[in-house]
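The entries are in the order in which I took them.

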Amino acid sequence: MKIDELERLQKLKESGAITEEEYTKLKAKIIDGTEGSFEIPEFDLNNELNQKRYVTGLHLSVLLGSIVPWLGYVAPFLMWFLKKDRIARVDRHGKVVLNWVLSSVVLSIIGWILVPLFGLGFLFLGALWLANILFSIIGAIKANDGELWHYPFSFKFFTVNEEPKLIDTVVTEE
């Protein structure tokens, strides 16, 4: 039983789901038998892999607007707003996504204004819809690779700090 738990723990460490420090502590608990069974660590944004997953989801959350109107605007805002002060990576990616979301609102208004002009507005809105899908997917892929990708054609409503970090630490209030 302990061997299975140690192997499972090793896989978590190798995948980056837990840090070396967490691995050492949990391994000691398993070997010492201080806890009855091994529990999967809680989702923690101190971990680089989990930060990448979160910002990947942040980029993909824009696509929710294709399913439920306005959810593609609300979901990314809430994801950013809830973590922006604690994790710099979320703040940077959130600002990039929100720049695009706000830009797409402005561009949509322009598209609807252009509709009476020989249908140019419909062509413009279709291109915007396609760009929204492509940019969100590209942004998510880049975020998963640890890169910050600025969406083309987006206005700069928020200034994005370009300072790259290997892993962003979580700010805790004391």
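The entries below cover aromatic contacts, a surface patch, charged pairs and a few backbone angles.

**Entry 1, before starting.** I note that this is a predicted model, and I keep that in mind for every entry.

I looked up how many aromatic pairs the structure holds, and the count is twelve. I began with phenylalanine 77 and tryptophan 80, whose ring centres are 6.0 Å apart and whose planes meet at 55 degrees, so the pair is tilted. An angle over 60 degrees would have counted as edge-to-face. Both residues sit in helix H4 (residues 71–83), three residues apart, which puts about one helical turn between them.

Next I turned to tryptophan 112 and phenylalanine 122, an edge-to-face pair with 6.1 Å from centre to centre and 80 degrees between the planes. Tryptophan 112 belongs to helix H5 (residues 88–114) and phenylalanine 122 to helix H6 (residues 120–144), so this pair ties together parts that are ten residues apart in sequence. I found both tryptophan 112 and phenylalanine 122 exposed.

I asked which residues form one aromatic cluster. The members are Trp100, Phe135, Trp149, Tyr151 and Phe153. I followed up on phenylalanine 153, which is placed in the segment after H6 and, at 66% relative accessibility, counts as exposed. Its phi is near 65 degrees, a positive value in a residue other than glycine. I marked this angle for a second look because most residues other than glycine have a negative phi.

I looked for charges lying over aromatic faces and wrote down two. Lysine 13 lies over the face of tyrosine 23, at 4.4 Å from the ring centre.

I looked up a nonpolar surface patch of about 950 Å², made by Leu64, Ile67, Val68, Trp70, Leu71, Val74, Phe77, Leu78, Phe81 and Leu82. I then examined two other members: isoleucine 67 lies in the loop between helix H3 (48–60) and H4 and is exposed, with a relative accessible area of 67%, while tryptophan 70 lies in the loop between H3 and H4 and is exposed at 56%. For tryptophan 70 I also noted a phi near 75 degrees, a positive value in a residue other than glycine.

How many salt bridges does the count come to? I recorded seven. Lysine 25 forms a salt bridge with glutamate 21, their closest N and O atoms being 3.2 Å apart; the two lie in helix H2 (residues 20–32), four residues apart, about one turn of the helix. Both lysine 25 and glutamate 21 are exposed.

The salt bridge between lysine 52 and glutamate 48, at 3.7 Å from N to O, has its two residues in helix H3, four residues apart, which is about one turn of the helix. Here lysine 52 counts as buried, at 17% relative accessibility, and glutamate 48 is partly exposed, at 29%.

I then saw that glutamate 48 also forms a salt bridge with arginine 89, with the closest N and O atoms 3.9 Å apart. This pair links distant parts of the chain, as glutamate 48 is in helix H3 and arginine 89 in helix H5, 41 residues apart. Arginine 89, at 4% relative accessibility, counts as buried. Through shared partners, salt bridges join Glu48, Lys52 and Arg89 into one network.

Is histidine 93 buried or exposed? Histidine 93, found in helix H5, has a relative accessible area of 4%, under the 20% cut-off, and is therefore buried. Its side chain is joined to that of histidine 59 by a polar contact of 2.9 Å.

Conventions. Residues numbered from 1 in each chain as written. Predicted model: local features only at pLDDT ≥ 70, side-chain atom pairs only at ≥ 80, totals over all residues. Heavy atoms only, no water. Phe/Tyr/Trp six-rings, centres within 6.5 Å; stacked < 30°, edge-to-face > 60°. Buried < 20%, exposed > 50% of the residue type's maximum accessible area, 1.4 Å probe, protein only. Lys NZ or Arg CZ within 6 Å of the ring centre and 35° of its normal. Patch = residues over 30% accessible without salt bridge, like charges linked within 9 Å, V, L, I, M, F, W, Y side chains within 5 Å. Areas by Shrake-Rupley, 256 points an atom, 1.4 Å probe, with all protein chains shown as cover. Salt bridge = Lys/Arg side-chain N within 4 Å of Asp/Glu carboxyl O. Polar contact = N/O pair within 3.5 Å; in protein donor to acceptor, adjacent residues only side chain to side chain.
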